[in-house]
Amino acid sequence: MINPLRSEAEAYRFLLLTVGYFAAIAIAALTLGKWAGLTMFALLTLAGLVYVTRGRRPELPRQAVASRRGRENERRILVIANETVGGGPLREEIRRRSEGYDEKVLVISPALNSPLRHWASDEDGARVQAQARLDTSLTRLREAGVDAKGEVGDAEPLQAMEDALRLFGADEIIISTHPEGRSHWLERGIVDSARERFAVPITHVVVDLEAEPEDVG
Amino acid sequence: MAVHAEAHHGPPIANQSSRVDSSTLGMLLFIASEIMLFGSFFTAYFFVRVVSGATAWPPHPFHLPVFVAGVNTIILLTSSFTMHWSLQAIKRGNRAGMQAGLVLTVALGLTFLLTQMREYSRVGFAPHDGGFGSTFYGLTGLHGAHVFVGLTLLTFATVRAFRGHFTPESHRGVEIPGIYWHFVDVMWIVVYTTVYIL
């Protein structure tokens with residue numbers, strides 16, 4: 001949905017559109033009568049509503065990645081994973097990616113929440129659950145010899161990645177999801193959207209928890 | 001290799017979005033509440049207008065100075081243009097342009113407010129003169145109060161502009177009052193069209 005008051009320039013454009021909108025209604029009403037004015041009002045309002053609700057802003061320009069903060073041989077990997085955060089394939093991918101480097105891994109576990117609880121700002125439970133998943137994952141990564149730390153992120157995975165990138169300055173991102181057909185993230189095109197938005201290499205790892213139930217804490 | 005979860009005690013850390021700057025988001029929420037406020041006044045206005053059953057509007061013997069208010073509308077719209085010009089100027093590093101734009105915006109806004117006060121003194125009816133008088137003064141007065149607030153914000157921005165604040169990279173102190181000022185102008189377009197024209 002387009003927000004017409006996001007910046008001064010957009011607010012100014014919105015003002016000009018408002019002038020045109022009311023001028024058209026007033027001219028129709030004054031020259032052709034009140035029913036013409038009402039018709040013009042209905043048509044323009046409908047067109048405006050369709051534009052505002054269905055119009056999509058072009059994707060944000062590729063985000064400048066925060067400059068490297070580490071040493072030359074350091075590899076910074078941002079991992080975004082939800083219920084699959086403790087999965088074996090993900091741990092293996094992190095190990096493979098960081099081989100030969102002094103790795104710094106930041107695992108982000110989005111605080112997934114129901115829409116009702118989201119709108120009620122009731123996210124404490126979701127954050128506690130995300131933290132529990134994260135703790136399990138970090139323990140397993142420690143056992144696998146990976147230097148990792150973790151944070152609970154925004155419920156919206158793209159937002160969580162963007163927030164983390166601003167502070168972490170990752171060299172690459174690993175997105176871990178359920179297999180096709182069971183993953184809400186894949187259904188929503190999160191991986192493709194992330195590739196469009198972020199100017200860092202992105203690897204998609206599929207974790208089938210049903211195939212490895214013992215890995216999930 | 002050390003592994004550690006970030007230990008945190010107490011309530012969860014506040015999660016701040018990076019998509020919308022917090023000050024911009026604050027202004028948007030404020031404007032949303034303002035829309036609801038104006039909406040309640042418009043509801044009262046249209047209610048009075050519908051239930052009065054008057055064939056002509058405004059009802060006899062009221063008369064509104066449509067032409068003077070129209071000129072005032074042009075003055076306010078011009079002030080939005082100068083506001084936009086001011087911000088575009090500082091974005092291009094033109095400090096003098098920003099200062100001139102802000103001074104002109106404040107001057108035009110002040111002219112609008114003084115003209116409205118003059119209109120009140122000569123319009124020939126008072127807020128207690130029936131439902132029409134109440135809703136007319138309620139709507140235009142509410143808008144006038146917002147113009148006053150906008151002028152206060154713009155005055156601060158103007159003073160800061162002349163004290164050397166704001167750069168092409170950092171000009172939020174002009175941007176936020178600018179959004180507010182355009183919003184005030186949008187509301188006036190709605191008020192002028194519905195109260196004076198239709």
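I began with burial in chain B: of its 198 residues, 28% count as buried. I note that the model is a predicted one.

**Entry: layout of chain B.** I counted five helices and one strand in chain B. Following the sequence, I recorded the order β-α-α-α-α-α. I then looked up the contacts in chain B with a separation of 6 or more, and found that 77% of them join residues 24 or more positions apart.

**Entry: helices 2 and 3 of chain B.** I took up the pair formed by helix 2 (residues 66–91) and helix 3 (residues 95–122) of chain B, whose axes come within 8 Å and cross at roughly 160 degrees. The crossing of helix 2 of chain B past helix 3 of chain B is left-handed. I sorted the residues of this contact into 13 nonpolar, 12 polar and two charged.

**Entry: nonpolar cores.** I next searched for the largest nonpolar core, and it has 39 residues. Within this core, Met98(B), Phe183(B) and Val184(B) have the most contacts. I listed the elements that give two or more residues to this core: helix 1 (8–32) of chain A, and from chain B helix 2, helix 3, helix 4 (130–162) and helix 5 (172–197). Helix 5 of chain B gives the most, with 14 residues. I found another core lying apart from this one, with 36 residues, including Val79(A), Ala111(A), Ala155(A) and Ala160(A).

Methods: Residues numbered from 1 in each chain as written. Chains lettered and ligands numbered in written order. Predicted model: local features only at pLDDT ≥ 70, side-chain atom pairs only at ≥ 80, totals over all residues. Axes fitted to C-alpha atoms, helices over the stretch in contact; angles between N-to-C directions. Helix = DSSP H or I, 4+ residues; strand = E, 2+ residues; numbered from the N terminus. Left-handed = near helix turned anticlockwise from the far one by under 90°. Nonpolar A, V, L, I, M, F, W, Y, C, P; charged D, E, K, R; others polar. Core = buried A, V, L, I, M, F, W, Y, C linked by C-beta atoms within 7 Å. Buried ≥ 20, exposed ≤ 12 C-beta atoms within 10 Å, placed from the backbone. Contact = placed C-beta atoms within 7 Å.
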